[in-house]
Amino acid sequence: MILVLIVLIGLNLRPFLVAPGPILNTIMPELGMTVYSASLLTLLPMLLMGVGAFVSPGLQAAWGTRKGMLIALAILLLGTLLRFWVQDGVTFIFTAVLCGVGVAFVQSAMPGLIKSSFPRQVAPITGVYSACLMVGGALGAYSIPHLMDAGLSWRQSLGLLAVPVFIAMLVGWRYLTGVPAKRPNMSQVQTLLHRPRTWSLMAAFGLVNGGYSTLVAWLAPYYQSLGWERSDSATLIVVMSVCQAISAVGLPVLARKQTDRRLWLMLTLVMQSLGFCGLALWPAGTAMLWVGMCGAGLGGSFSLIIVTALDHSKAPEEAGTLAALMQGGGFIIAGLAPWVIALLNDLTGSFVSGWLLHLGLVAITACLYWRFNPRYYDQVMQPVAAGSR
């Protein structure tokens, strides 16, 4: 039942973020939003996810994992419900902030929960959890345009996403009772923040997930600017998310017998490079291919880098804290990407410059990934004075 709970929670952590994308061109004129204010719908929640990873260890110490999870899901539920009554851009952004606060705690605590509940199956369970994130986003993006076609308003369509959150809350209330609350040692957080490897993991996670946040925010508007219909552009997000989910599950399983995961990580970057290059240079005829390549690369990279972070320590608590810190700094970096792409679009009149920028970020990430050699994990996890690799 803990696995069922992980699946239910994972399915609810991305719809609030992904669902507005295909209907953003409808929402923006009605609420008087610009591309910059619209980018805040992605930027602010991801920044909060990042900050939350630093704050949540203290909250877990005060509340315990069970209470913290339930409070966080309640905040996510509230933020989603409030979208029924959005009247202006500020209120809409506020709902995104509330959802981001709830998701921030949940996903920073999840790696530690996985490692403590499934110590011998970390890679496949992490893959399942990662896949649920992507599938949940796909379901949100796909359902909203169809709900609107069925006669609902965009407010009602977005507000209905509260129903599965409520179901996850009920299951969590029942089955999190048997999960021991881990109380992180705050001195451990300080120790990890003084290790260069922690910051390398943050940078790698952030640069890759900047590609995801950009696609979530601007993929549908990009293709709508090329003449695509709202439902067709939503289908692209579904294709991206499905490919993410398959890769997020498949690559960790394929890599499970190898402690050195660098070649698999490089494969994910190759797929991202092909996808972003195709979006920039040949977007129309083979859109599904490019979006699928981006999705497969991003999904595989997301789950493999979490597994890689967990590999750095045999102690579940330390490994979970390291993964949470990686996501914290990483999501702060990733959250800035949609705003930067909006700026480039404003300067150049096209999203093409943004896709090309991500090609450069992939190259930087490749340099970081290659440093994650398991032969040196014991060394890099020592205090800085003992080893600074």
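Q: Hi! Why does Ser153 count as partly exposed?
A: Because its relative accessibility is 28%; buried means under 20% relative accessible area, exposed over 50%, and partly exposed in between (1.4 Å probe, protein chains only).

Q: Thanks! What kind of model is this?
A: This is a predicted model, where local features need pLDDT of at least 70, side-chain atom pairs count only at pLDDT 80 or more, and totals for chains, interfaces and linings use all residues. Residues are numbered from 1 along each chain as its sequence is written, and side-chain values use heavy atoms, with hydrogens and water left out.

Q: Back to Ser153: where is it found?
A: In the loop between helix H7 (122–149) and helix H8 (154–159). Helices are DSSP runs (H or I, at least four residues), numbered from the N terminus.

Q: And how far apart in space are Ser153 and Phe84?
A: They are 9.2 Å apart, C-alpha to C-alpha, with 69 residues apart in sequence.

Q: New topic: which residues of H3 are buried?
A: In helix H3 (residues 24–31), Leu24, Ile27, Met28 and Leu31 are. They cover an arc of only 100 degrees around the axis, so they are on the same side of H3; the arc is that of the directions from the helix axis to the C-beta atoms.

Q: What comes just after H3?
A: Gly32, which takes a positive phi of about 70 degrees.

Terms used:
Helix = DSSP H or I, 4+ residues; strand = E, 2+ residues; numbered from the N terminus.
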